[in-house]
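Subject: Structure handover and backbone notes

Hi,

Here is the structure I promised to pass on. Please open it alongside this email. My notes follow below.

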Amino acid sequence: MQMLQEFTAISPKNEKGERLLSKSFSDSDLKLIATGVLKQCDQLDGIVDGLIENYAACAYSVKELQCTHEKNDACLSAEQVHAFDKVMAGPRSSNGTLLYPPIPWDSIIGDRSWRTTMIGSSSTGVSNASKSTNQSIKYVFMTPPDPNFDYLKFDLDKDGEKLLASAKFSASNSVDYAGFKDRNGKHLVYVGMGDPLINPAGVIRWYQQLIKANEGLSATQKFARLFIVPGMSHTTGGKALDVFDPVTAIYEWVEKNSEPEELIATGAAFPGRVRSICSYPKISKYKGNGSADIANNFKCEIP
């Protein structure tokens, strides 16, 4: 909702005076940002190959892209810079308290899936972005339901309280796995680092809390593993290696006690490339020699 508010506020108006969310950033603007992110962070895993494996070390600001003269396709306006950096920094209350983790920087920003979710393509005052058409806040997560609630008027200081009651049954943030472990349960979680619907930083925060509540990383990995997929959108797609098999991995884990250290992945975005998706907190790091398309030229290790 913060994104809808910030991006709508800088959007141009049509002849009716309506804000056009889809025009807040052009395709050229988004490509410019994605290129900047890759230039800053792609090499942090040891090789420039279009994937940001070392996501935790990726820090960026679109401030470097701000126009020094008139706005054109090679730069961003001051309003765009302020809005984009503010959204990526995460929502804050009026007193500056961070309410949710900042959004990770990823090459997904230049992908069509990011536009479809965040700002859409509508040429009218009625946005078709997934974020603005999603009805779950009004009917599921808000207590009591409010069909007429305006997302653009969401108040971070006041309206957040309305989401707490439903969070008791809708939020997947429990770290109490006592019964699950007693039954020898196994939990395999994966998330795309470019997921525009579910902030992957929130998933990572939950897993870190799970580790603290369950006697450390080694003990936690006996029953729950997290896999981060660089560049991947919501469950699939994006500029990623998004084809892998978690079903076989969890079958082998449950039936044969073979703990999944990595998932072998391919993807249409990088034809011919094979790479390991590593069990968190390890990342796939380049060994220093050979093709970026060969999995054996990378090693899962903690950055």
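Let me start with a question: in which loop is proline 144 found? Look between helix 6 (136–141) and helix 7 (164–170). Keep in mind that this is a predicted model.

Cis peptide bonds

The bond that joins threonine 143 to proline 144 is cis. Its omega is near -5 degrees. A cis peptide bond also runs from tyrosine 280 to proline 281. There, omega is near 15 degrees. Proline 281 sits in a loop too, with strand 4 (275–278) on one side and strand 5 (283–286) on the other.

Positive phi outside glycine

Asparagine 184 has a positive phi, near 60 degrees, and is not a glycine. Find asparagine 184 in the loop that links helix 8 (178–182) to strand 1 (187–192). Is asparagine 184 buried or exposed? The cut-off for exposed is over 50% relative accessible area. Asparagine 184 has 52% relative accessibility, so this residue counts as exposed.

Glutamate 215 is another non-glycine residue with a positive phi, here near 65 degrees. Glutamate 215 belongs to the loop between helix 9 (200–213) and helix 10 (217–220). The relative accessible area of glutamate 215 is 77%, so this residue is exposed.

The positive phi values belong to asparagine 184 and glutamate 215.

Best wishes

Definitions and conventions:
Residues numbered from 1 in each chain as written. Predicted model: local features only at pLDDT ≥ 70, side-chain atom pairs only at ≥ 80, totals over all residues. Heavy atoms only, no water. Helix = DSSP H or I, 4+ residues; strand = E, 2+ residues; numbered from the N terminus. Buried < 20%, exposed > 50% of the residue type's maximum accessible area, 1.4 Å probe, protein only.
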